[in-house]
Amino acid sequence: MATRPSSSSNECVGSAYPFRHSPSAHQRPLKVVPPAHLSKIKFSVGSLFIKSIHLKGIRAHQDSTVNFDDGINLIVGPNGAGKTNILEAVHLLCLSKSFLTSNDRYVLRRGEPFYEVEGHFESDIRGSVTVRAAFVPGEGKKIFVGGAVLERMVDLVGRFPIVVFSPGDQRLTAEGPEFRRRFLDNIVSQSSSLYLDHLLRYKKVLKQRNELLLSARKRRQVPDAVLLDSWTQELVLHGAAIIADRIRFTEKYAGHLERAFEQISSVAERPTIVYTPFADHLATPENASDLYQAELERRRQSELDRGVTLVGPHRDDLEMYLDEMPVRRFASQGQHRTFGMALKLAQYDYLKERSAERPILLLDDIFDNLDPARIGAFLDILDSDVIGQSITTAARKEIVYNHLGSHPCRTTFVETGGLVLEKEPTDVLIGTRDSASSD
Amino acid sequence: MQFSSESVEALVDQFARLPGIGRKTARRLAAFILKLPKAEVAQMADALIAVKEKVISCTTCFNVTDHDPCPICASERRDHETVCVVEEPGDVMAIERTQGYSGIYHVLGGAISPLDGIGPEDLRIKELIARAANPAESDPIIGEVILAVNPSVEGDTTAYYISQLLAPFEVKVTRLARGIPIGSDLEFTDEATLTRALLARVSM
Ligand SMILES: [Zn+2]
């Protein structure tokens, strides 16, 4: 039963079938520019922000519009009302998928035939750009930038840099290497479409090569040597490019991480990340291909025995240390939290430097479990000119208001059922919210 | 919307099997057929049957043809020392449309893909090697094999595999260059395409 608070944006979403082009679809979109890192000219850091977003058929939101300021934005509401869905939708417009799932069926509101999200972005460098994403089960998803449909979803990545802080970040420092690989891939992909291209191709080659190894093993045979070698060549081609980029990234990112850690930690510890793709050798971007090839040869028999590819960037890890201490095994809760936040702040800083624009920052319910000192340190950063636009969700506005004092902050209220309000709801509704947020 | 006739629904089912045709379009096509005069529908049906009855594959290049050898392999005006290797017959048509190629072809019938159960033995690779290695007495010796497979990981791997098998023979093996699409601005070209084009640059 959601209502639409703003009627002016009706025209942007609302046609029955979401895969329509806008009238200008065949012209080149006026303001669409390739990822800023492609530009040869270095701009001073520009601002980028999302001015408004319209959600239709997204989880809690049957039909909602949310407007944003270019500074601090706060979305307040009880758990389950649909605050996070708004962040997911913003993320979808920037990176073509939600940060919580890559399955669009989970993003779709139950019972709806399709979802549609449209956002209006403003950029110093690029002017206004409208991005629209639509998904129809069985037909797939399409993304339109400036009215023109994107040929591939991945062409969106990097145009609108974005960083998310969410409770799931805990897993970055505490759990398995796959979370760190995903983090690594997210940053490097947003700053290099070439990396993303290699990554997608690598994943395909890996599946093919694994199938070749596995089917031969099932038949108790050895795959044709020339054929296996052909897949190995293709694997090394893309895998070595990924490893080389990861090495370069880790070197550059180290400085960003130290600075970020300093900003939020009161303790003088030094955070480091170590990337060692080949345990016994010092890998460089130049020797990555040779080392990878050699390692595959060394492990060939085990690969044949087990029917699976055992070496490569799909098994990499990024080790994290505080001074000499391995974070994953020995850090305290507080250290995990600080390290996790520093990783994300450093991601922000890194992307800002690479894209010449301040990324959009999404903060999903991270203040609820944070101690006042860290909340304070964090809000100070949000309020500085380090960060451009930030959108924060919280169950209670007081957490943020108490620290912000008189600093400007645009607040949007989301009530149960995806009802979006620009003014604080009545007392009766507040009563409902308090009881709902007590879980 | 559902047609109330089983025969129409059956036709919709058939159209929906075609690549790129969803059910919505399939229904539109079926509605169009319903309105056509019977003679025209018969023509269409005949054309469908004819491709299966008359069309064979050329025993030299494996392109689709009504006659064996195909007009391209039979043509004396074509350069029989240059063979362009493609995945599908449609790729031959694409290259022919350019009118910029005068050599002959070899259609593989796909690309190597373990996930789809396609190995080298399922493609016309053996036949290609044979053409290059022991040409029939009447045929000229092949001087160049152009690998015009798709730039996918499967195409890349197939090209590498073939180049390995051709290595022992005195034949030049080339690959289509990957460049900037004509008509697109450098500025709007994605980084991956741009980098590949740089790597494949040519001297002037
Ligand atoms: Zn032929």
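**Close-up views of a predicted model**

**View 1. An open sheet of 6 strands in chain A, with mixed pairing.** The strand order is β8-β12-β13-β3-β14-β15. β8 (162-165) and β15 (419-421) stand at the edges. Each has a single partner strand, so one side of each is left without a neighbour in the sheet. From one strand to the next, the twist averages 20 degrees. The model shown here and in the other views is predicted.

**View 2. Strands β3 and β14 of chain A, a parallel pair.** Strands of a sheet pair through backbone hydrogen bonds, either parallel or antiparallel. Here β3 (residues 72-76) and β14 (residues 410-415) are joined over 4 bridges. Look for A:Leu74: its bridge partner in β14(A) is A:Thr411.

**View 3. Helix α10 of chain A against the sheet strands β8 and β12.** α10(A) lies across both strands. The helix runs at about 175 degrees to β8(A).

**View 4. A:Phe339, a residue of helix α10 (residues 333-355) in chain A.** A:Leu257 is 82 residues away along the chain, yet the two C-alpha atoms are separated by 9.0 Å.

**View 5. The largest nonpolar core, with 138 residues.** A:Val90, A:Ile360 and B:Val85 have the most contacts inside this core. Helix α6 (residues 225-264) of chain A gives the largest share, 14 residues. Leaving aside neighbours within four places in sequence, B:Val85 contacts several residues, including B:His106, B:Leu128 and B:Ile162.

Key: Residues are numbered from 1 along each chain as its sequence is written. Chains are lettered from A and ligands numbered from 1 in the order in which they are written. This is a predicted model: local features need pLDDT of at least 70, side-chain atom pairs count only at pLDDT 80 or more; totals for chains, interfaces and linings use all residues. A nonpolar core is a set of buried Ala, Val, Leu, Ile, Met, Phe, Trp, Tyr and Cys residues joined through C-beta atoms within 7 Å. A residue is buried if 20 or more other C-beta atoms lie within 10 Å of its own, exposed if 12 or fewer, and partly exposed in between; C-beta atoms are placed from the backbone. Helices (H or I, at least four residues) and strands (E, at least two) are DSSP runs, numbered from the N terminus. Two residues are in contact if their C-beta atoms, placed from the backbone, lie within 7 Å. Two strands pair if DSSP finds at least two bridges between them. Axes are lines fitted to C-alpha atoms, for helices over the stretch in contact, and angles run from 0 to 180 degrees between N-to-C directions.
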